[in-house]
Amino acid sequence: MGSDPQYAKWPALPLAQHVFTITNPYATRPAQQAAIQSLQDGINEHNMAPLYKYLAHPTDGILNSTGETMSSSSKPTGRKPSAAGMVASKSVGATLPWDEDVYNRLKAENDKELEGFQKEEDDAVEQAGETEIIAAKGKRADFFAKIGDKDKAIAAYEDVFEKTGILGTKIDLVLAIIRMGLFYGDKATVKKYVTRAKTLVESGGDWDRRNRLKAYEGLHLLTVRSHNLAAPLLLDSLSTFTSYELCTYSNLVVYSVLAGSVSLKRVDFKSKVVDAPEIKAILGADNDDKLLALSGAISAGPGAEDAEMRDVKDTISPAVPTKATTAVNLTTLGTGTDQPEAEMAVDFSPLAQLVNSLYNGNYKLFFAALGKVEEQFLTQDRYLHEHKSWFIREMRLRAYQQLLQSYRVVGLESMADDFGVTVDFLDRDLAKFIAGARIPCTIDRVTGKGVIETNRPDDKNKQYQDVVKQGDQLITKLQKYGQAVRLRGSERA
C-alpha cells in the first residue's frame with residue numbers, strides 16, 4: 001500500500017466552512033454565531049495570525065468589508081477579489097472582531113516557532129544529512145499551512161518537493177497544496193496541482209494515493225460544475241475513502257449522490273446510486289443490505305474486500321436499523337485517521353427521497369424533496385452553494401425529460417398535477433427548456449387546456465443528414481488537396 005500519507009493534517013478545511021457560514025445569507029443567526037466562535041477558537045488554538053489578519057483586519061479583512069474598526073474615520077474598502085472563493089455573498093452577515101493585541105500575540109508566537117524551525121534546519125545542515133534537512137523544511141511548510149499563510153505554504157511545499165526524491169512524498173506535497181487552494185477557493189491553483197498530482201500518480205503512485213486523488217479530483221470537478229466527470233470519481237471513492245483531511249464521509253456521500261443524480265444515465269443511476277450498498281447504508285435500505293454494506297461484504301466499487309478497507313468500514317456505527325432513516329451519526333467513522341472534527345448527525349431523508357422519487361417517477365414528491373435538498377445541503381455547503389441554481393434547474397429538466405420520453409402527447413394540466421405545480425409555472429418552465437433545445441417538444445395552448453407534443457428525433461434521418469454533411473466536407477477537402485497537388489506539379493514542370 002506504500003508509505004503512510006505525509007503532510008495530510010493542514011490546513012484545517014472546516015475553518016473555511018465556518019468562514020462561508022458567517023457570510024452565508026441562508027445560514028441562521030445562531031449558526032453564524034457558532035461559526036464565529038469556532039473560527040476564533042481555531043485561530044487562537046493554532047496561532048493563525050495571517051488568517052486572522054486576512055479575515056478580520058479593519059481595513060483589509062474580507063469579513064469586515066463594512067469597515068468595522070476602532071476608529072470612526074476608517075472608510076469601507078469593499079471585498080478583496082481573492083475572497084470570492086471563501087465567502088458566500090458580498091453583504092457579510094456577521095463580522096469577526098479585530099483585536100490588535102490578539103494579532104500581535106499570535107504573530108509573536110509565529111515568529112518564535114519560525115525561529116525554532118530555522119534553528120532546527122541550521123543544525124541539520126551542519127550535523128545531519130539531507131533527510132533531516134528535508135524534514136525540517138517540511139515542518140516549516142506544514143506550519144505555514146497550519147496558520148493559514150497560503151503563499152508561503154505553497155512556496156515552502158514546492159521547496160520540499162524539489163529536494164525530495166520519494167514519489168509518495170511528492171504526491172503528498174502536491175495534495176497538501178491542493179488543500180491550500182481549496183481552503184481559499186482558488187480554483188486555478190487547485191486545477192494546476194490536480195493535473196500535476198495525476199501525472200505523478202500515473203508514473204507509479206501506490207494504491208492508497210491513487211484512491212485519495214480520486215476524492216480530491218472529484219471534489220475539484222464538483223466545484224467547477226463538471227458533475228458528469230466528478231460523479232464516477234466520487235462514487236468510486238465511497239468504498240475506499242481515507243481522505244478525512246479533505247472532507248467527512250457524510251459530505252462525500254452527499255457530493256456523490258448529488259453529482260450522480262444530475263449527470264448519470266438512468267441505468268448507471270440505478271446501479272451506482274439507487275442500489276449502491278455504500279449509499280443505501282447511509283440513506284436507508286433493507287436491514288440486511290445495511291449490515292452487508294457496513295461490513296464491507298458487498299460494494300459498488302473496487303477494493304471493498306481489501307483488509308484495510310474492511311477495517312475502515314467496520315468503524316461505521318450502524319445505529320439506525322430501520323428503513324425510515326432520518327439521521328445517521330458518523331462520528332466514529334475514520335477514527336484511526338487525523339479527522340479534523342467529529343461529524344454531527346446528518347438528516348439524509350431529503351436526499352433519500354430525492355433519489356427514490358426521481359427513479360420511481362413520483363414527481364410531486366421529487367419536487368418537494370428537491371426543495372428540502374436545496375435548503376439543507378445546497379445552500380449550506382461552500383462547495384455546492386455556488387452552483388445551487390444550476391443544479392435545481394438541471395434536476396427539474398431531468399424530471400421533465402424522464403416523464404416526456406414515455407409519451408407522445410401529454411396534457412399540460414395532467415403533467416402539472418403530477419409535479420404538484422400550477423399550469424402557468426409548468427408552461428413557463430418548459431418554455432425555457434424548449435427554447436434552449438433541451439426538450440424536443442411543443443406546447444399547444446390554443447385549443448382546450450393545452451397539450452404537450454413530443455418531437456422525437458428521427459435517428460435514421462439524422463444519420464442520413466450527418467453522412468451528407470460529412471460527405472460534403474470530405475469532397476471540399478479532396479478538392480483543395482487536388483488543387484494543391486496540381487499547383488506543385490506545374491511548379492516542377
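# Helices, sheet and backbone

User: Where is Ser261 placed?
Analyst: Ser261 is part of helix H11. The model is a predicted one.

User: Why does Ser261 count as buried?
Analyst: Its relative accessibility is 1%. Buried means under 20%. Ser261 is therefore buried.

User: Which residues does Ser261 touch, leaving out those up to four places away in sequence?
Analyst: Ser261 touches Phe269, Val355, Leu358, Met395 and Arg398. Met395 and Arg398 are also among the residues of H18 in the contact with H11.

User: At what angle do H11 and H18 pack?
Analyst: H11 (residues 249-263) and H18 pack at about 45°. Their axes are 9 Å apart.

User: Which hand does the crossing of H11 and H18 have?
Analyst: H11 passes H18 in a left-handed crossing.

User: Which residues make the contact of H11 and H18?
Analyst: From H11 come Leu258, Gly260, Ser261, Val262 and Ser263. From H18 come Trp390, Phe391, Glu394, Met395 and Arg398. By class, five are nonpolar, three polar and two charged.

User: What makes the polar count of the contact of H11 with H18 three?
Analyst: Gly counts as polar here. Gly260, Ser261 and Ser263 are in the contact, so the polar count is three.

User: How do H18 and H19 pack?
Analyst: H18 (residues 388-404) and H19 pack at about 130°. Their axes lie 12 Å apart.

User: Why is H18 called oblique to H19?
Analyst: The angle is about 130°. Roughly perpendicular ends at 115, and roughly antiparallel needs over 145. The angle lies between these limits, so H18 is oblique to H19. Their crossing is right-handed.

User: Which residues of H18 and H19 make the contact?
Analyst: H18 gives Ala399, Tyr400, Leu403 and Leu404. H19 gives Met415, Asp418 and Phe419. Six are nonpolar, none is polar and one is charged. Asp is in the charged class, so Asp418 is that charged residue.

User: What order do the strands of the open sheet have?
Analyst: The three strands run in the order E1-E3-E2, with antiparallel pairing.

User: What makes E1 and E2 edge strands?
Analyst: Strand E1 (409-411) and strand E2 (441-444) each pair on one side only. Neighbouring strands of this sheet are turned by 20° against each other on average, direction ignored.

User: How do you know that E1 and E3 pair?
Analyst: Count the bridges. E1 and E3 (residues 451-454) share three, in the antiparallel sense. Pairing needs at least two, so E1 and E3 pair. Val409 has Glu453 of E3 as its bridge partner. Gly411 has Val451 of E3.

User: How many bridges join E2 to E3?
Analyst: Four bridges join E2 to E3, and these strands run antiparallel. At least two are needed for a pair, so E2 and E3 pair as well. Cys441 stands opposite Thr454 in E3.

User: Which residues lie on the covered face of E3, and which on the uncovered one?
Analyst: Ile452 and Thr454 make up the covered face. Val451 and Glu453 make up the uncovered one. In a regular strand, side chains alternate between the two faces of the sheet.

User: Which helix packs on the sheet?
Analyst: Helix H19 (residues 412-419) does, touching E1, E2 and E3. Its direction makes about 70° with that of E1.

User: What phi does Tyr7 have?
Analyst: Tyr7 has a positive phi of about 55° although it is not a glycine. Tyr7 lies in the segment before H1.

User: How do you know that Tyr7 is buried?
Analyst: Its relative accessibility is 12%. The cut-off is under 20%, so Tyr7 counts as buried.

User: Why does Asn47 count as buried?
Analyst: Its relative accessible area is 13%. That is under 20%, so Asn47 is buried. Asn47 lies in the loop between helix H2 (29-45) and helix H3 (49-56). Its phi is positive, about 55°, although Asn47 is not a glycine.

User: Is the peptide bond from Trp10 to Pro11 cis or trans?
Analyst: The bond is cis, with omega near 0°. Pro11 is in the segment before helix H1 (13-22).

Definitions and conventions:
Residues numbered from 1 in each chain as written. Predicted model: local features only at pLDDT ≥ 70, side-chain atom pairs only at ≥ 80, totals over all residues. Heavy atoms only, no water. Helix = DSSP H or I, 4+ residues; strand = E, 2+ residues; numbered from the N terminus. Axes fitted to C-alpha atoms, helices over the stretch in contact; angles between N-to-C directions. Contact = heavy atoms within 4.5 Å. Parallel < 35°, antiparallel > 145°, perpendicular 65-115°, else oblique. Left-handed = near helix turned anticlockwise from the far one by under 90°. Buried < 20%, exposed > 50% of the residue type's maximum accessible area, 1.4 Å probe, protein only.
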